[in-house]
Amino acid sequence: MEYLPVTNAQKSILDTVPTLGVETVKLEDSLARVLAEDVHANRDLPPYDVSAMDGYAVRSEDLVRVPAHLAIIEDIKAGDMPSKAVKAGQCARIMTGAPVPQGADAVIRVEDTLALPENKAQINRAVKPGNDIRLRGEGMRNGEVVLRVGTEITPGVTGVLATVKCAQVRVYRRPRVAILSTGNELEGMDDPVDPDKIPNSNSYALMAQVQALGIEPDLLGIARDDPAELEEYLQRGLRFDVLLVSGGSSVGVHDYVRPILETLGVRMKFWRVAMKPGHPVAFGVLQRNHDVTSKAVEADEVQGARRAATQAYLENRQGSEHRATQQCAGSTAFVFGLPGNPVSSMVCFEEFVAPALRRMMGHARLFRRTIAARLTHDIKHQPGRTEFVRVTLAKDERGYAATSTGAQGSGMLLSMARADGLMVVPAESTGLVAGEQVTVQLLDGTVFQDDAGFKE
Ligand code: AMP
Ligand code: MG
């Protein structure tokens, strides 16, 4: 099989992976989920013309000459209804959010006035009609669509949902994700430290990447490079919506993952991508038959038990002892064979798995935000593969400057841990020089910087 360009591999995945079904969750539990239906306003807001300031409701024509002295006819607080109309030479004291009384066509803020004896106010400034009045329905109009399907629920969206009294929110289901590590050399978290072994970091780094998307994955543990054991684990993993397998997908004689997946009915879409780090990475689809699906639905009903099992596993890991839980909902399972090398596995997750999971969750935007940055040093590159260099970003008056996090070996996890982003070296590049403009994929959707980013 050819080595696929990264974007072709991404397209192949996104052409295959669907958006999942819909479920209802409580507003309190909906942060970071994606709306599965349009949301409408259920009233006009504000419900009537209200004051935007603490001050006086006035007739603008009374202020042709200022200062003007007006008689205060009443006090209107937020929540009150005015009882009188404002007539020539009169005003009403009004608080922010209180309804503007009949007759008044403007509000003047208290800072532009002076309280006088005998319930009078001196107005020092003329204003135009409409001044500091929020018009009925200017926030939202009854019946209008205020949020569209596909909108991610951010805190601002939560506020809008609360405003329209959406206590139960229709959102897309999140995929159930299983993570399996493979390799005889791997040492489980609770195994004693053995200098001859390799700690299983991939299960946890991948877990964190999945969690960062708002999904709680299931860790299946470590399968040894033994066809029978692997088959059992892979079978278990294929009951989920998405199975991530790290390691064992290469072409070594003990790399059994791909052949076993194929025996289990998985159709591999690709297993070679022209990228660095990241080889080998594979993607496959299992179309489950009805029998398996109905079992899966049964399994769906024991979700509580499954969560308890996850907890038990995390609390009581025993080396390569693994939980046997099963879970799936749809009739299709998607499998990603990720490279064993820790950095490669994480980069492949970023490029292939994250967009797929976001698609399944109903997100309209699937990819990390990219920014343009200036390279601070030369980068060597052999044409052929798209390279993702881990970089830190610094901001100066000329924009962002990108600097490699140091040694970029695909096993050097610190290069990833220190990175603000992945700098993309195009496949055809023959090397980049200091000062060149590059594209960097930001690694965190909510990247923070040292200062507020503006001066006053
Ligand atoms: P593989 O893809 O199985 O040939 O593994 C490639 C390299 O990644 C080997 O050096 C493995 O020891 C390492 N590796 C594989 N799986 C993991 C893991 N779960 N955690 C850390 N390193 C791993
Ligand atoms: Mg291996």
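The following exercises, with worked solutions, concern a predicted model of a protein chain with a ligand.

Local features need pLDDT of at least 70, side-chain atom pairs count only at pLDDT 80 or more, and totals for chains, interfaces and linings use all residues. Residues are numbered from 1 along each chain as written, chains are lettered from A and ligands numbered from 1 in the order written, and side-chain values use heavy atoms, without hydrogens and water.

**Exercise 1.** Describe the protein chain by its helices and strands, and by its buried residues.

*Solution.* Begin with the DSSP runs (helices H or I, at least four residues; strands E, at least two): the chain has nine helices and 26 strands. Next, take burial (under 20% relative accessible area, 1.4 Å probe, protein chains only): 46% of the 456 residues are buried.

**Exercise 2.** Identify the residues that come nearest to ligand 1, and classify the shell.

*Solution.* By class, the shell has four nonpolar, 10 polar (Gly among them) and one charged residues.

**Exercise 3.** Locate polar contacts of ligand 1, then state how much of its area the protein buries.

*Solution.* Consider pairs of N or O atoms within 3.5 Å. A polar side-chain atom of N200 is 2.9 Å from a ligand 1 nitrogen. For N202, a backbone N or O atom lies 3.3 Å from a nitrogen of ligand 1. A polar backbone atom of G248 is 2.8 Å from a ligand 1 oxygen. Finally, ligand 1 alone exposes 480 Å² (Shrake-Rupley method, 1.4 Å probe), of which the protein buries 77%.

How values were computed. Buried < 20%, exposed > 50% of the residue type's maximum accessible area, 1.4 Å probe, protein only. Near = heavy atom within 4 Å. Polar contact = N/O pair within 3.5 Å; in protein donor to acceptor, adjacent residues only side chain to side chain.
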